[in-house]
Amino acid sequence: MKKFASLILIPILLLCGCTNPPSSEQLTEQQPEQPTEYEYRIQEITYSEPAEQYAFRIKTDCTETAYARYYFESAVEHADRAACIQATDKILSKQRTADSLPEIYVFTEQTYPDVYVKENKLYLAYQDWESVEYTANVLLAAYGAYSHYGLAYGYANLLCNTPTSGNTFTPPTLADACDLNLLCFDPAFVSEDDLSSVKLIAHSFAQAYTTEKGEDALQALLSDSDTAEGAISVSSALEKFYRDNGFDYTPSNLRFGYGGHAFDYLLFTDFGTFYIRNNWKDMHTQYNPLVYDGFLHQNYGDTKEFFQINLAQMKQYQELFALDSYNNDLSIIFANTNLSQTSFYQVNTHTIYVKNVDSLMHEYIHALTQHVSSAQAWKIEGFARYYSYRYDYYGMALLNWDYNNTEKTPETKYVQEYLEKIQRPIDMANDYQDVENIAVWFYSLRDPDGSYLAGSSFVQYLVNQYGDQAVINSICGDQTPLPKMYHELVRDWIGHIESHYQDYSKYES
């Protein structure tokens, strides 16, 4: 999501020669208000975006008013600085008292042509300080980076006295655009017509809410919207507004934020923060029927569905493992650059790096069980692979495509034999146990630590024998041992494979 600012030229009225000198009243009418002089101090600032994707250090001219702190790149003209300060102070003077002063960082377009809000800090290029967009961004800096953008935009319309015309409520073609979050205001995710509808709805909602409850209530709602509970409150208020206007729609509670220079956008959730890199592209696009070029960079409906499905799955895994606590200060970064491997979980930074969405749940299991310290690979990779079959909508889509389109080779003979036996396409949500066990037999795998596949098959056997909770507790819970010794469990697993899958071929190299 890019917000390219435009240079605002401050007009200077020149007094031409006159026969009679102008009166004091005429001077008042003709002369522009002179910009206030501000005292500046030089301060070096360091700007950095998440995961060290983009950073720079620069000297700025810093000043402070009763409402905000301002940091201007030296190349920003003093007239533009004064215009920014006056417009911003005017906005903030009407807001509820904040715990700390918002900070406004203004750069030239050459230095930073983007928008980023972090906590109460707003970074952007100098632009039209009287615009609705800038006003909305100041409100985000005042109330929180993940505050509801549509609510901020609608309130900004009121503060800017922006007139509306025509119908005050026009449902967009894409109903999901009624969520009014940040992506719904981005033409990459919604159509131009829907964007117009979204802006009108935001203005109409803010106006209706203020008329009914007052401006203080609107500010309180905007302030609370930076929290999970507040986001639900905004959705409820929007739902009522839509219902009052004859439209049946329940908005989502997704909290999107600006991505700055390196990222298209961010999503803040109870389970972690998602960072979608500008140039991210799923490495399995040609194999997964649910993804495509531009996936998560366009089409709000698909983007919303992706996050809702994965957030629901993350909740299911937390409930399934039922460990005492989880570290939800997790970063999930969708980035292709500088990755030496496919998607992976980095323990020391508690960060998941995603190259392909079908591996997200596998890596999330690693993040949930990061405390497991074992020399036995099956307890880590085998465990994660087995349980990733449990809740993984996008992963299953890829596996089903992969197994049902596998070329006939000596290495995939077991797949062809299984397809001939079941006389239908493979559905990995139901067939994964047989498919993995047949592969273990086919390749004569006898060591759970020898591969992800063998480890997963071994965990599957343990779960079938003792149940989920016993296996989870023994590996990543209270460490209660299983009824048999490890070598006995391996022997029984091998016996199970040999007795149930001996009708399938063995791999011949």
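1. Rings of Phe, Tyr and Trp, with the six-membered ring taken for Trp, are paired here if their centres lie within 6.5 Å. On that basis, a search of the whole structure, which is a predicted model, finds 64 aromatic pairs. A pair of aromatic rings is described by the distance of the centres and the angle of the planes, and the next two points use both values.

2. One of these pairs is formed by Y149 and F185, whose rings are edge-to-face, with 5.0 Å from centre to centre and 75° between the planes. The pair links distant parts of the chain, since Y149 belongs to helix α4 (residues 149-159) while F185 sits in the loop between α4 and α5 (192-213), 36 residues apart. Both Y149 and F185 are buried.

3. Another pair to look at is that of Y242 and Y249, where the ring centres are 6.1 Å apart and the planes stand at 70°. Planes over 60 degrees apart count as edge-to-face, and the pair of Y242 and Y249 is therefore edge-to-face. Y242 is buried, and Y249 is buried as well.

4. Beyond individual pairs, one aromatic cluster is formed by F189, F256, Y265, F274, W280, Y292, F295, F306, F307, F334, Y393 and Y394.

5. Turning to helix packing, how are helix α14 (residues 452-466) and helix α16 (residues 486-500) arranged? They pack at an angle of about 95°, with their axes 10 Å apart, and α14 and α16 are therefore roughly perpendicular to each other. From α14 the contact takes A454, S457, F458, Y461, L462 and Y466, and from α16 it takes Y486, L489, V490, D492, W493, H496 and I497. Sorted by class, the residues of this contact are ten nonpolar, two polar and one charged.

6. Helix α16 also packs against helix α13 (residues 428-442), at an angle of about 95° and with the axes 9 Å apart, which makes α13 roughly perpendicular to α16. In this contact N437, V440 and W441 of α13 meet W493, H496, I497 and E498 of α16. The contact of α13 with α16 has four nonpolar, two polar and one charged residues.

7. T412 lies in the loop between α11 (393-404) and α12 (413-422). Is T412 buried or exposed? Its relative accessible area is 15%, and because buried means under 20%, T412 counts as buried. The side chain of T412 reaches the backbone oxygen of E407 at 2.7 Å. If neighbours within four places in sequence are left aside, T412 is in contact with T406 and E407.

8. G272 is found in strand β9 (residues 272-277), and with a relative accessibility of 2% it counts as buried. Apart from its neighbours within four places in sequence, G272 is in contact with L267, N328 and L330. The C-alpha atoms of G272 and Y317, residues that are 45 apart along the chain, are separated by 14 Å.

9. D503 has a relative accessibility of 77% and so counts as exposed. Between the C-alpha atoms of D503 and S252, which are 251 residues apart along the chain, the separation is 51 Å.

Methods
Residues numbered from 1 in each chain as written. Predicted model: local features only at pLDDT ≥ 70, side-chain atom pairs only at ≥ 80, totals over all residues. Heavy atoms only, no water. Axes fitted to C-alpha atoms, helices over the stretch in contact; angles between N-to-C directions. Helix = DSSP H or I, 4+ residues; strand = E, 2+ residues; numbered from the N terminus. Parallel < 35°, antiparallel > 145°, perpendicular 65-115°, else oblique. Contact = heavy atoms within 4.5 Å. Nonpolar A, V, L, I, M, F, W, Y, C, P; charged D, E, K, R; others polar. Buried < 20%, exposed > 50% of the residue type's maximum accessible area, 1.4 Å probe, protein only. Polar contact = N/O pair within 3.5 Å; in protein donor to acceptor, adjacent residues only side chain to side chain. Phe/Tyr/Trp six-rings, centres within 6.5 Å; stacked < 30°, edge-to-face > 60°.
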